[in-house]
Amino acid sequence: MKYLYALIAAALALLGLIFLVGFAGSLVRLVIGVLLLIAAGAVVYLARTKPQPSQTTVVQQIDLSGDVSLENMKCKVCGAPLTKDEIDVKAGAIFINCSHCGSTYQFEEEPKW
Ligand SMILES: [Zn+2]
């Protein structure tokens, strides 16, 4: 992708120079040549400012299956109700950071059948 932008910029700049060299008193050719050079510069500018795909932010979502709701979640150590701030998601696993008793553990959803 980077090379494509460089090729486009080089082609535009070359065309612009051809038009400028073949100027021969023609105002239209002069204008076209200058415009092509500006376009080449714009392509280079866009290629530099374009954000890399690797910089996209990864959005993590707490996916609680079944009938487990945030209101029903309680600390398994002290039994205090947990708030959204006390639940953390790391590498797909849910971690509980209880602010009441200070305990930290991985949340495991109990099977219901
Ligand atoms: Zn607790």
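**Entry 1: the strands.** I began with strand β2, residues 93-97, and found that 3 bridges join β2 to β3, the two strands running antiparallel. I kept in mind throughout that this is a predicted model. For individual partners I looked up asparagine 97, whose bridge partner in β3 is threonine 104, and then isoleucine 96, which has tyrosine 105 as its bridge partner in β3. Turning to the other neighbour of β2, I noted that 4 bridges join β1 to β2, and that this pair also runs antiparallel. Here I picked out lysine 90, which stands opposite alanine 93 in β2.

**Entry 2: the sheet as a whole.** I put these pairings together and read an open sheet of 3 strands in the order β1-β2-β3, with antiparallel pairing. The edge strands are β1, at 87-90, and β3, at 104-106, each of which pairs on one side only. I also looked up the twist, which averages 25° from one strand to the next. As a reminder to myself, strands of a sheet pair through backbone hydrogen bonds, either parallel or antiparallel.

**Entry 3: the turns.** I next checked what links the strands. β1 and β2 form a hairpin with 2 residues between them, and alanine 91 in that turn has a positive phi of about 55°. The hairpin of β2 and β3 has 6 residues between the strands, and there I noted glycine 102, which takes a positive phi near 80°.

**Entry 4: helix α2.** I moved on to α2, which covers residues 27-49 and has 23 residues. From its first C-alpha to its last, α2 reaches 33 Å, close to the 33 Å expected at 1.5 Å a residue. Which residues of α2 are buried? I found Gly33, Leu36, Ala40 and Val43. Reading that list, I recalled that an α-helix has 3.6 residues a turn, so residues three or four places apart point the same way.

**Entry 5: the core.** I then asked which residues make up the largest nonpolar core. The core has 5 residues in all, namely Leu12, Phe19, Leu36, Ala40 and Val43. The elements that give two or more residues to this core are α1, residues 2-21, and α2, and the largest share, 3 residues, comes from α2. In soluble globular proteins, nonpolar side chains tend to be buried together.

**Entry 6: phenylalanine 19.** Last, I looked up the contacts of phenylalanine 19, leaving out residues up to four places away in sequence, and found that this residue touches Arg29, Ile32, Gly33 and Leu36. Of these, Gly33 and Leu36 are among the buried residues of α2, and Leu36 belongs with Phe19 to the largest nonpolar core.

Key. Residues numbered from 1 in each chain as written. Predicted model: local features only at pLDDT ≥ 70, side-chain atom pairs only at ≥ 80, totals over all residues. Pairing = 2+ DSSP bridges. Axes fitted to C-alpha atoms, helices over the stretch in contact; angles between N-to-C directions. Expected span 1.5 Å × (residues − 1). Buried ≥ 20, exposed ≤ 12 C-beta atoms within 10 Å, placed from the backbone. Core = buried A, V, L, I, M, F, W, Y, C linked by C-beta atoms within 7 Å. Contact = placed C-beta atoms within 7 Å.
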